[in-house]
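Student: I have a structure open and would like to walk through it with you. May we begin with a helix and then move on to the sheet?

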Amino acid sequence: MLSGETKVRVRYGETDKMGYCYYGNYAEFYEAARGDLLRDLGLTYREMEEMGIIMPVITMHIDYKQPAHYDDLLTVKVYVKEKPGVKIKFDYEVYNEDGKLLNSAYTTLCFVNQQTGRPGLPPKAFQELMDKYF
């Protein structure tokens, strides 16, 4: 299993009238965690794009348990639990500073050839990095 975590502080503009972190912002928090995980792995989104591969999100599911508030420092944990093929699934957990689980989620992304627009396997360099974990 591959895992990592990212810290995100809730900014005032990310809250709604109730004072909660607006639910749609979590997708950006997950993206930040995914990007950091890939960077820590040794391959960035930019490098994947330079290899001709884009990674659109094809599924996102979130279970909200408690809200985050303005100025909360959140820990976004991200996991890859299965070896990727044409798709890669990322699981997430978001915790507040007290260690309370605020939500859990997953996204599924697909490796797509930028020129053809067709799904395919990730680049060999990515597969070799994944072989260390699976």
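Student: Which residues of helix 3 are buried?
Tutor: In helix 3 (residues 124-131), the buried residues are Phe 126, Leu 129 and Met 130. Buried means under 20% relative accessible area, exposed means over 50%, and partly exposed lies in between, with a 1.4 Å probe and protein chains only. Helices (H or I, at least four residues) and strands (E, at least two) are DSSP runs, numbered from the N terminus.

Student: How are they placed around the axis of helix 3?
Tutor: Phe 126, Leu 129 and Met 130 cover an arc of only 100 degrees around the axis, which puts them on the same side of helix 3. The arc is that of the directions from the helix axis to the C-beta atoms.

Student: What do the buried residues of helix 3 pack against?
Tutor: They pack against strand 1, helix 1 (26-41), helix 2 (45-50) and strand 5. Contact here means heavy atoms within 4.5 Å.

Student: Before going further, what sort of model is this?
Tutor: It is a predicted model, in which local features need pLDDT of at least 70 and side-chain atom pairs count only at pLDDT 80 or more, while totals for chains, interfaces and linings use all residues. Residues are numbered from 1 along each chain as its sequence is written, and side-chain values use heavy atoms, with hydrogens and water left out.

Student: How many helices and strands are there in the protein chain?
Tutor: The protein chain has three helices and seven strands. Along the sequence they follow the pattern β-α-α-β-β-β-β-β-β-α. The radius of gyration is 16 Å, close to the 14 Å that the globule rule gives for 134 residues, so the chain is as compact as a globular protein of that length. That radius is taken over C-alpha atoms, and the globule rule is 2.2 Å times the number of residues to the power 0.38.

Student: What does the C-alpha trace span, and what share of the residues is buried?
Tutor: The C-alpha trace spans about 45 × 30 × 20 Å along its principal axes. Buried residues make up 41% of the 134 residues.

Student: Over how many bridges do strand 1 and strand 4 pair?
Tutor: Strand 1 and strand 4 pair over eight bridges in the antiparallel sense. Within that pairing, Ser 3 has Tyr 79 of strand 4 as its bridge partner. Strand 4 is also mostly covered, with six of its eight residues buried.

Student: And what joins strand 4 to strand 5?
Tutor: A hairpin joins them through six residues. The two strands pair in the antiparallel sense over five bridges, and Lys 77 has Glu 93 in strand 5 as its bridge partner.

Student: How do strand 5 and strand 6 pair?
Tutor: Strand 5 (residues 87-95) and strand 6 (residues 101-110) are antiparallel and pair over nine bridges. Tyr 95 stands opposite Leu 101 in strand 6.

Student: Let us turn to Asn 103: buried or exposed?
Tutor: Asn 103, which lies in strand 6, is buried, with a relative accessible area of 0%. Leaving aside neighbours within four places in sequence, Asn 103 has contacts that include Tyr 26, Tyr 30, Ile 62 and Glu 93. Tyr 26 is 77 residues apart from Asn 103 along the chain, and their C-alpha atoms are separated by 9.2 Å.

Student: What about Val 57, and what is it in contact with?
Tutor: Val 57 lies in strand 3 and is partly exposed, at a relative accessible area of 42%. Beyond its neighbours within four places in sequence, Val 57 is in contact with Arg 34, Thr 107, Thr 108 and Leu 109.

Student: One last point: where is Asp 71 found?
Tutor: Asp 71 is in the loop between strand 3 and strand 4 (73-80). Asp 71 has a positive phi of about 75 degrees although it is not a glycine. Its relative accessibility is 38%, and it counts as partly exposed.

Conventions. Two strands pair if DSSP finds at least two bridges between them.
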